[in-house]
Amino acid sequence: MHLSAKYARTGNRWLWSAAAGLIALVTAATSSAAPVTDFRVSLSPAASTAPMTGRLLIAIGQTADPEPRLAIGFNGRPVYGMDISALKPGASVVLNGSAVGYPMPLSALPAGDYYVQAVLERYDQVHREDGHTIWVPIHPMRDTPFTGLQGNLYSDVQRVHIDSRKGFRVSLALTHVIPPPPPPLDTPWIKHVWIKSEILSKFWGTPIYMGAAVLLPKDFDQHPDAHYPAVYALSQGDPPYQFSLTPSSEAEKKKDKEVYNLETGYEFYQDWISPAFPRVAAISLYQPSPYFLEAYAVDSVNNGPWGKAITTELIPYLEKKFRLIPQPYARVVEGASTGGWETLALQLKYPDFFGGAWVFNPDPISFKHWQLVDIYHADNMFSVPVSPFEGEEIPFRRTSEGMTTGTQRQLADLEATLGSHGRSGYQLDIWMDTYGPIGSDGYPVLLFDKLTGKIDHDVANYMRDHGYDLTEYARQNWAMLGPKLRGKLHFVSGEMDNFYLNLGVYDFQGMLNEVAGPDYPADFTYGRPKKGHSWHKTGFDEMIREMGAKIKANAPSASDAAQWNY
């Protein structure tokens, strides 16, 4: 972060506000008029012939490479944002010191020479099935951050001098449009599918697509009568498990093994084709939400009925197209981080549909530990009182040795800059968008105020009562779930998860001990010592061998296990 030690520790908005106020007083005392400090951004008719509504961002960097827009993120690079509505071609809009900014207000940006660039994230008007009309970014096949999404606009990079005390005016023109990405290429091993979801399209009032990248088992085409189990790999990317026919470097091998305890994509390929390896299909799902890269695989009043769409449209389609066994025992699901939360949610919400869940360092699965915050009892998301006169900032991220590398307040600042109404496309917003209620304006009601950090306990209770706190959901429904989940739950987490996600896993294990007893057949593995986010207890090859053994053990006696080539 490009902050002083004091601000890096606290990130308090009031400190910045006080500094900005002092600057304003000094300026008023020495000048009859405040200096002009703004960016004037125009929409080039060559870039758009129609008015544009969306989020305008000014990205600022100290170098031209990478372009400032490509360096936007939780890394301290300055960015400032505002909503714009129906900006006409040839017209311009002004972003000034009143705009929301990260990591400091524009008035606090140190004077100097910078590289600046304007970005416009385009919004589309949708008329949803629930009667609400809202503006959100709709992209047919969204699987990249907004800085790479087709149809978004950006300007050339300019080198300018910025000094808020003396004033400045910078003119930028939105002249470039991000083109459509090249379609993913099929290979003999990897096949891609995209289908229009009738369920989601009806909900959103516009076409919504979902898809998959399918890694086929060895000799798939040579056995046209064979049917295969499926491993649904959530948040795995394309191709699943980094599958690669290109040998890995020694540096890649060392990093993947030391940090994640995983093999490289080439090493996985060698296992995949080995004689004793389970013949399964490994499938990564594409589930792009208007609010995020992924829709979290569950039904939501804001995101739409993604759980229903995945289980009744996408998976049945894949089973027919790729000769997958359409039985619960032959459908297993796994994922890490976002994918870990999705994995547990799908297994809990659809216990008769899936035959096992391997859950790795999941996003908070207990809202008594929404990372470090108990959202039911804490009053503030940003700080915890330690005395009548002091508060301590709540971290968002740490190193595996415990050093704080970012706070909840700092991330909320960034997300408030990137988008209003839960449209930042970032982590805190998608949790709130997915789990929270819908407002009278059609946008998500957020769990906490991004300016003050104050928690809305009505929203917290809604999240729990509607089944998004997965620990409480399992507790409340254990009489029904317990018999169906025996032997299906497998958890892995580093004890020093960089986002404190191990705490939610501890809560889930404690809940199981309470409702089912310590002998209930679910397993928990914790990476010690000092294992961080995305640590795995084995490589993906051993994980799939374990899955294959479970599938074979659970298969009906009449099934032909020989065709899976175990």
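Of the 566 residues in the protein chain, 55% count as buried, meaning under 20% relative accessible area with a 1.4 Å probe and protein chains only. Keep in mind that this is a predicted model: local features need pLDDT of at least 70, side-chain atom pairs count only at pLDDT 80 or more, and totals for chains, interfaces and linings use all residues. Residues are numbered from 1 along each chain as its sequence is written, and side-chain values use heavy atoms, with hydrogens and water left out.

**Overall shape**
- The C-alpha trace spans about 90 × 60 × 55 Å along its principal axes.
- A compact globule with 566 residues would have a radius of gyration near 24 Å, and the 25 Å of the protein chain agrees with that. The rule here is 2.2 Å times the number of residues to the power 0.38, with the radius taken over C-alpha atoms.
- Among contacts with a separation of 6 or more, 73% join residues 24 or more positions apart; contact means heavy atoms within 4.5 Å.

**Strands**
- The protein chain has 14 helices and 25 strands, as DSSP runs (H or I, at least four residues; E, at least two).
- Strand E2 (residues 52–61) is mostly covered, with 10 of its 10 residues buried.
- E2 pairs antiparallel with E3 (residues 79–87) over 7 bridges, and Leu 56 has Met 82 as its bridge partner there. Pairing takes at least two DSSP bridges.
- E2 also pairs antiparallel with E6 (residues 112–122), over 8 bridges; Leu 57 stands opposite Val 119 in E6.

Technical notes: Buried < 20%, exposed > 50% of the residue type's maximum accessible area, 1.4 Å probe, protein only.
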